[in-house]
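Colleague: Could you take me through this model? I would like to begin with the bonds that hold chain segments together and then move on to other features.

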Amino acid sequence: QVQLVESGGGLVQAGGSLRLSCAASGRTFNSNGIGWFRQAPGKEREFVAAIRWSARSTYYADSVKGRFTISGDSRNMVYLQMNSLKPEDTAVYYCAAPSGSLYGSLLWYRPEKYDYWGQGTQVTVSS
């Protein structure tokens with residue numbers, strides 16, 4: 001089992017920045033990376049970013065590329081630095097981990113490939 005806890009959400013004006021944190025505990029050594037997703041009211045959960053430990057590879061949704069940066073200082077702490085925030089970034093942000101290893105970059109974009117989820121942290125961007 002892996003436990004994930006997000007923090008760092010809040011209210012920010014458009015153009016501002018926030019840094020989200022994801023603290024992982026439990027059997028984190030079985031997962032080969034962590035992803036961030038978000039869900040806005042009335043919309044499906046969508047991929048935001050992911051980091052794969054072995055190659056230190058990172059993946060981003062087109063909508064956040066160049067504005068968001070995912071990083072991790074260990075398998076137990078992952079960050080999502082969000083700059084130049086827009087009102088359309090408003091959502092609940094979740095971190096998630098697979099129970100095993102994901103190989104192939106496209107798999108990281110698919111929420112059904114993740115087995116463990118945090119409870120989420122709200123990010124609200126005002127215009």
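Predicted model: local features only at pLDDT ≥ 70, side-chain atom pairs only at ≥ 80, totals over all residues.

Colleague: How many disulfides does a search of the whole structure find?

Modeller: The search finds one disulfide. Cys 22 is joined to Cys 95, with an S to S distance of 2.1 Å. A disulfide is a covalent bond between the sulfur atoms of two cysteines.

Colleague: Where do Cys 22 and Cys 95 sit in the chain?

Modeller: Cys 22 belongs to strand E3 and Cys 95 to strand E9, so far as the strand assignment goes. The two are 73 residues apart, and the pair links distant parts of the chain. The link is right-handed, with 70° about the S-S bond.

Colleague: Is Cys 22 buried or exposed?

Modeller: Cys 22 is buried, because its relative accessible area is 0%. Cys 95 also counts as buried, at 0% relative accessibility.

Colleague: Let us change topic. Which residues is Met 77 in contact with, leaving aside its neighbours within four places in sequence?

Modeller: Its contacts are Ser 21, Cys 22, Ala 23, Ser 71 and Gly 72. Met 77 itself lies in strand E8 and is partly exposed, at 24% relative accessibility.

Colleague: What about cavities: what volume does the largest cavity have?

Modeller: Its volume is about 40 Å³. The structure holds one cavity of 30 Å³ or more. The lining includes Val 2, Leu 4, Ile 34, Trp 53 and Arg 75. Strand E1 and strand E4 are the elements that give two or more residues to this lining.

Colleague: How do the lining residues divide into nonpolar, polar and charged?

Modeller: Six are nonpolar, three are polar and one is charged.

Colleague: Finally, which residues are linked in a network of salt bridges?

Modeller: The network links Arg 38, Glu 46, Arg 67 and Asp 89. Side chains of opposite charge can pair when their charged atoms come close. For Glu 46 and Arg 38, the closest N and O atoms are 2.6 Å apart. Arg 38 also forms a salt bridge with Asp 89, at 2.9 Å. Asp 89 in turn pairs with Arg 67, at 2.8 Å.

Colleague: Is Asp 89 buried or exposed?

Modeller: Asp 89 is buried, with a relative accessible area of 0%. Arg 38 is buried at 5%, and Arg 67 is buried at 11%. Glu 46 is partly exposed, at 35%.

Key
Residues numbered from 1 in each chain as written. Heavy atoms only, no water. Disulfide = S-S within 2.5 Å. Helix = DSSP H or I, 4+ residues; strand = E, 2+ residues; numbered from the N terminus. Buried < 20%, exposed > 50% of the residue type's maximum accessible area, 1.4 Å probe, protein only. Contact = heavy atoms within 4.5 Å. 1 Å grid on protein atoms, 1.4 Å probe; cavity = no way out; pocket = protein on both sides within 12 Å on 5 of 7 lines; lining within 4 Å. Points joined across faces, edges and corners; volume = space filled by probe spheres on them. Nonpolar A, V, L, I, M, F, W, Y, C, P; charged D, E, K, R; others polar. Salt bridge = Lys/Arg side-chain N within 4 Å of Asp/Glu carboxyl O.
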